[in-house]
Amino acid sequence: MKSIRIDSTNGLCGAFFIACGLFFAYQSWILDMGTALRMGPGYFPLLLAAVLVLLGIFVLVQATRVQGEPIGPLAWRGMLLILPAPIFFGLTVRGLGFVPAIFITAFTASFASVRMKPLAALTLSVGVTFFSYLVFSKGLNLPFRPFGPWLGF
Amino acid sequence: MELIDNLILGFTTASTLWNLLFCLIGVLLGTLIGVLPGIGATATIAMLLPITFQIGDPVSALIMLAGVYYGAQYGGSTTAILINMPGESSSAVTAIDGYQMARNGRAGAALATAAIGSFFAGTVSTFLIALFAIPLTAIALKFGAAEFVSLMVVGLISSIALAHGSVIKAMGMVVLGLLLGLVGTDVISGAPRFNLGIREYADGLNFVAVAVGVFGIAEILRNLENEHDRSVLIKKVHGLMPTREDFRRMAAPILRGTALGSVLGILPGAGAILGSFASYTVEKRMSAHPEEFGKGAIEGVAGPESANNAGAQTSFIPMLTLGIPTNPVMALMAGAMIIQGIVPGPNVATEQPSLFWGIIASMWIGNLLLIVLNLPLIGLWVKLLTVPYYILFPIIMAFCSIGVYSVNSNVYDLYVVAFFGIFGYALMKMRCEPAPLLLGFVLGPLLEENLRRAMILSKGDPTTFITRPISATLLVLAAAVLVIVFLPAVKKKRAEVFVEESA
Amino acid sequence: MRKLLAAFAAATMLALASGAQAQTYPDRPITMVVPFAAGGPTDTVTRLVAEAMSKDLGQQIVVENVGGAGGTLGAARVAKADPDGYTLLLHHIGMATSATLYRKLPYDTLQAFDYVGLVTDVPMTIVARKDFEPADIKSLLDYVKANKDKVTLANAGIGAASHLCGMMFMSAIQTPLVTVPYKGTGPAMTDLLGGQVDMMCDQTTNTTKQIKAGTIKAYAVTSAKRLDVLPDLPTAEEAGLAGFQVGIWHGIYAPKGTPAEITERLSKSLQLALKDANVAARFAELGTAPSTEAEATPAALKAKLESEIARWKPVIEAAGQFAD
């Protein structure tokens, strides 16, 4: 059967451009447009969003013609453990304080690699925490509280 | 001659034992903090600023702070090259080819090239400042809103050349970057846009957070993809120093990069990033082997790195001669001057000649110390790469969390890091390049703001862009670039590159 | 591994124990939040005052920049902080104007804070590009009224000092002008120096040096009295703009519920800091003066905030521009 085959990389990319373009277009729509001579806050972004959608369509069309490289494996474990690290730091740096937040951030991120052993991760995280505490809190005197109110301060 | 007298005054001020010591401490601290991943020049200076308040003498304090700035710049480039983690907009360009060189086992050569280019650019631009600070200021003042719009049009058109894959995708990345840059509050009307109602994003997305996400985190994720069958990022390291061939190839790019960076660095806002990008574009166009760009071309490190450092230097000009900071780093310097009892303004050169010329002289001394300090350190940095990656990236995650948070104490910036991490990883999977995205991100708000301001100032007359001579010249240049980009011959060359890429 | 854990726990306990014993205020460093980026005029004022205050308090005052959303992010942070005297806010006139400029604030401006005192009141100057035609403030007013479609008035973005002063100016002369917003004072001043834009009303912090160097033309100052640094510059009221007084006043706040002894203690310390020779000298260079002893009190700041909110509300609402 000779159906249309879509290259996965470019197909996704085209769809992604279109989706982003539509998001910004929708968000611009509720803003004041103004006129070409006296543009409102929505004018320029709407124009750009339209261009992005057009480019997306172009990429999508190309995807049906040329086959490129496949997407390849995805770093699921990495995404699951790396991405929450800064979020966790953000959620706890004020509450738990700088020292525990840094420790847990480094500790969580460590396990993104299958090669990391628990003991090595612990040693590494303690080291990083200690170093950061010395440099940023002691050395540079940044306004971070080492231990936060959640721990009774 | 007055200039000679001034320079002598400057060097005698800057080379007292104390001032040399402060310059050295500044350069050293700047390098050490700036080299931590995710911590660029702005964050480093913000962190080290309070230390300089303890220094009683304003000249020493400012010399140290200037040293911190160069050190941080260089430290930022080091992390851009070693782990693809640019801490500042201008080193985003260095990351493109620098990181590829590192992956090819040529980290040492890349770092040495950056150091040599920076030193040369620093030397030239120091003398430019001494000679032409005043006339250059006059040129910068001629840049109104219309001129900025035209300049950014040139920048955006040239950015297409940054792409080493599909041109369409590169254009998409620029446009998406422009849109992301508009997140925040509209300057003209004060209306919040695209921030999903989150007040913490009212001032836009933090550049460092976005850059750390799309470059650094995405790269970490990519390295974690195939842990079992691929041993980590680096091939065998060969040669710490550039070869004779390398030197031959880097000479001209360093010269051109210095010229471009010096000129664009004076302009407020996007000067530094435009300088680096422009240099990259020029080198790629002029190179005999454009196909190497994006895969570790030494020209792609030498040119932008020189432009970067030259621009960093000349961005002092508007602050020293007009008292106007043109970027966040200079705003911090201005704040430091005020705390030391010197209000930056047009009269600093005449009222405080030893301070003015002392800082200029210390720029060169700082650059000298930097290269003396860093050439021997290259071996150490390269050793860092032999540390297994699974040890390296938790450290990277910890430091970039601290670095991003320290700038504004805004935890929402950390959520941006995570979001743009996955965003950047998705882009990588779709074979879209992050560099044009970042250029668009920086230029987006400036382009829109100046476009609308130009229209307000011209009372709604669009001919303002072609009746003002500088603006008209820039638009002609933009047209010329456009022609070159779409010229058949060039297109063919590009096609070859593309074919090779997908082969 | 167990040893490491034990060591870590021990270190944690030690740190916990040393911080837990509170006797007399202050017994640990105080954080003073500036709701703006480092390097700006408010940051500078804060660092100068904080250093002088920490000498008296015997504890370091750490300045933390929590910039964003016109200063409301930093204010919100302090509004939610523990009222123990260890988190303070140094904010300027924006504290009063954001109450109207922002229709949705995460705190109630008048209810969320206790007061320490006023720090300084930075006067504003009406300035123009150096080749702007009118020779003095009187002819400026005539010229502006006659050319209201041509004259361009710069400001540094919504809620900025120059934006507020510009609104007050247009309201005083009853003439709307072409306003040109910029992102920050730097680019606005660059365009004024380059003659791209005609006029601006901005803090002496930014304008004094330029006026003295002759790179811009000054017409009037918005304070009640003429300034020592610019003695030839008439006040706006002298020129017949009755009631046209705008100052970027700065005050120190604490979260609501801070014990009165603590705010009194801080107020005493602030009064001492404002008499510090270094602070006075730096303020003078910036074209401003420290607040008097009577102004550096909780009551004076409370009264100022209340009257300023009432004063700016109609002006901002008439301009019809909001920041959210």
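Mentor: Buried area is the accessible area, found with a 1.4 Å probe, that two parts lose on being put together, summed over both. The size of an interface is often given in this way, as the accessible area lost when the parts come together.

This is a predicted model, in which local features need pLDDT of at least 70 and side-chain atom pairs count only at pLDDT 80 or more, while totals for chains, interfaces and linings use all residues. Residues are numbered from 1 along each chain as its sequence is written, chains are lettered from A and ligands numbered from 1 in the order in which they are written, and side-chain values use heavy atoms, with hydrogens and water left out.

The boundary to look at is inside chain C. Chain C is divided into domain 1 (28–122 + 249–319) and domain 2 (123–221); such bounds come from an automatic or database domain assignment. Taken over C-alpha atoms, the centres of domain 1 and domain 2 of chain C are 27 Å apart. Contact means heavy atoms within 4.5 Å, and by that rule 14 residues of domain 1 of chain C touch 13 residues of domain 2 of chain C. Between them, domain 1 and domain 2 of chain C bury about 1,200 Å², with 75% of it on carbon and sulfur atoms.

Between these two domains of chain C there are zero salt bridges, a salt bridge being a side-chain nitrogen of Lys or Arg within 4 Å of a carboxyl oxygen of Asp or Glu. One residue pair, with both residues at pLDDT 80 or more, is in polar contact between domain 1 and domain 2 of chain C. A polar contact is a pair of N or O atoms within 3.5 Å; within protein, one must be able to donate a hydrogen and the other to accept it, and residues adjacent in sequence count only if both atoms are side-chain atoms.

On the domain 1 side of this boundary in chain C, helix 4 (94–101), strand 4 (113–129) and helix 11 (298–319) each supply at least two residues. Helices (H or I, at least four residues) and strands (E, at least two) are DSSP runs, numbered from the N terminus. Helix 11 of chain C has the largest share of that side, five residues. By class, the side of domain 1 of chain C that touches domain 2 has nine nonpolar, three polar and two charged residues. Here Ala, Val, Leu, Ile, Met, Phe, Trp, Tyr, Cys and Pro count as nonpolar, Asp, Glu, Lys and Arg as charged, and the others, Gly among them, as polar.

The boundary between chain B and chain A can be described in the same terms. There, 70 residues of chain B are in contact with 66 residues of chain A. Chain B and chain A bury about 5,900 Å² between them, 80% of it on carbon and sulfur atoms. The count of salt bridges between chain B and chain A is zero, and six residue pairs, both members at pLDDT 80 or more, are in polar contact across this interface. Several elements of chain B each give at least two residues to the side that touches chain A, among them helix 3 (41–53), helix 8 (167–181) and helix 17 (389–408). Helix 17 of chain B gives the most, twelve residues. The side of chain B that touches chain A divides into 50 nonpolar, nine polar and eleven charged residues.
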